[in-house]
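Please keep the sequence and the three-dimensional view at hand while reading.

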Amino acid sequence: MPLSFAVIGTGAIGGFYGARLAKAGADVHFLLHRDYDFVVRNGLQVDSCDGSFRLCQPHVYRDVADMPPCDVVLVCLKSVNNHLLPALLPHVVHEHSLVVLIQNGIGLEEDLQKQFPGLFLAAGLAFICSSKTEPGRISHQCYGSINFGNYSCTDQRLFQRTVENFQQAGITAHEVEYHEARWKKAVWNMPFNGMTVALNTQTDKLLAHPATLQLIYEQMMEVVAAAKCLGVNGVDEAFVHQMIETTKVMTPYSPSMKLDYDFHRPMEIDYLYTRPISIAEKAGCPMPKLAMLEAELRFMASENNQL
């Protein structure tokens with residue numbers, strides 16, 4: 001039987017996965033903000049390389065207090081908004097709910113668990129090119145798989161059913177060891193998010209130039225070294241080459257941090273850079289190139305009034 005889902009943050013990621021689940025027959029409830037009225041009138045449109053579709057009458061809410069408790073809560077907010085979760089989550093969870101943080105960065109589950117000690121938590125690591133630049137419309141350009149890492153869910157069947165519901169919706173979904181999942185995503189996120197901002201470019205141009213291709217490789221290898229130092233398995237040089245080759249053939253892309261910078265929104269510097277760099281430093285494995293990139297992003301955020 002399909003699980004019920006709440007989507008907290010109906011943007012490029014939450015809107016895409018939630019809509020795919022709803023299209024497959026799952027009971028999905030979307031929290032919306034700016035485009036609530038638009039979606040009520042027009043539905044939620046997904047323009048996808050895998051086939052476009054529209055949810056004509058999705059279950060949408062302006063106020064989380066009106067949402068029902070759900071079996072699985074997909075948190076797709078930017079991590080800069082995680083301070084809102086203590087007020088949001090109690091409305092949409094029940095005693096046995098699983099909360100999946102489909103967010104970028106390191107340390108997210110650890111911090112939320114401190115606020116909700118008994119909550120079942122998992123990480124969702126999306127490998128997808130998707131954007132939302134106008135109300136009620138998701139643009140899915142390529143890829144779309146998601147890895148799930150179990151952080152604290154002792155109900156293994158609930159966790160497995162969550163992965164299965166994604167698979168039944170036609171989404172490539174896998175269970176991956178938690179730390180491996182988070183650090184593998186960091187291999188891609190830490191170089192590409194920051195570099196597209198610092199150099200005002202897209203992924204394809206970074207890889208087309210020999211100098212920036214080499215720098216991307218070296219930054220990725222800093223993440224690999226940190227993961228190894230922390231005892232994380234499965235994050236190695238072969239994965240770096242895989243990520244580079246995958247990115248070379250994908251649609252030219254502006255990652256989420258580049259869009260946030262361009263639209264004068266706060267950038268996710270803390271969990272994407274500051275936290276993993278600090279963790280690696282304490283473990284005796286500094287990341288100097290990525291630390292420099294973090295400093296550049298801090299400066300740009302300050303100049304762009306994003307701090």
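Predicted model: local features only at pLDDT ≥ 70, side-chain atom pairs only at ≥ 80, totals over all residues.

Q: Is the crossing of α6 and α12 left-handed or right-handed, and which residues of α12 make the contact?
A: α6 passes α12 in a left-handed crossing. On the α6 side, the contact is made by Met190, Pro191, Gly194, Met195, Val197 and Ala198. The residues of α12 that take part are Leu290, Leu293, Glu296, Leu297 and Met300.

Q: Is Val223 buried or exposed, and which residues does it contact beyond its neighbours within four places in sequence?
A: Val223 has its place in helix α8 (residues 210–229). Its relative accessibility is 0%, and a residue under 20% counts as buried, so Val223 is buried. Leaving aside neighbours within four places in sequence, the residues in contact with Val223 are Trp183, Ala186, Val187, Met190, Met287 and Leu290.

Q: Which parts does the salt bridge between Arg182 and Glu109 tie together, and how many residues apart are they in sequence?
A: The closest N and O atoms of Arg182 and Glu109 are 2.6 Å apart, and the two residues form a salt bridge. Arg182 lies in helix α6 (residues 178–198) and Glu109 in helix α4 (residues 108–115), so the pair ties together parts whose separation in sequence is 73 residues.

Q: Why does Arg20 have no salt bridge with Asp50, and how far away is that side chain?
A: Arg20 lies in helix α1 (residues 14–23) and is buried. Arg20 touches Asp50, along with Phe53, Ala169, Gly170 and Ile171, not counting residues up to four places away in sequence. A salt bridge requires a side-chain nitrogen of Lys or Arg within 4 Å of a carboxyl oxygen, so Arg20 has none, as Asp50, the nearest side chain of opposite charge, is at a distance of 4.2 Å.

Q: Where do Glu245 and Lys248 lie, and what is the N to O distance in their salt bridge?
A: Both residues lie in helix α9 (residues 237–249), three residues apart, about one turn of the helix. Glu245 is partly exposed at 44% relative accessibility, and Lys248 is partly exposed at 41%. Their closest N and O atoms are separated by 3.5 Å.

Q: What is the phi of Asn200, and what is the phi of His264?
A: Most residues other than glycine have a negative phi. Asn200, in the loop between α6 and α7 (203–208), is exposed at 60% relative accessible area, and His264, in the loop between α10 (256–262) and α11 (269–282), is exposed at 53%. Neither residue is a glycine, yet each has a positive phi. The value is near 50 degrees for Asn200 and about 60 degrees for His264.

Definitions and conventions
Residues numbered from 1 in each chain as written. Heavy atoms only, no water. Helix = DSSP H or I, 4+ residues; strand = E, 2+ residues; numbered from the N terminus. Buried < 20%, exposed > 50% of the residue type's maximum accessible area, 1.4 Å probe, protein only. Lys, Arg positive; Asp, Glu negative; His and termini not counted. Contact = heavy atoms within 4.5 Å. Left-handed = near helix turned anticlockwise from the far one by under 90°.
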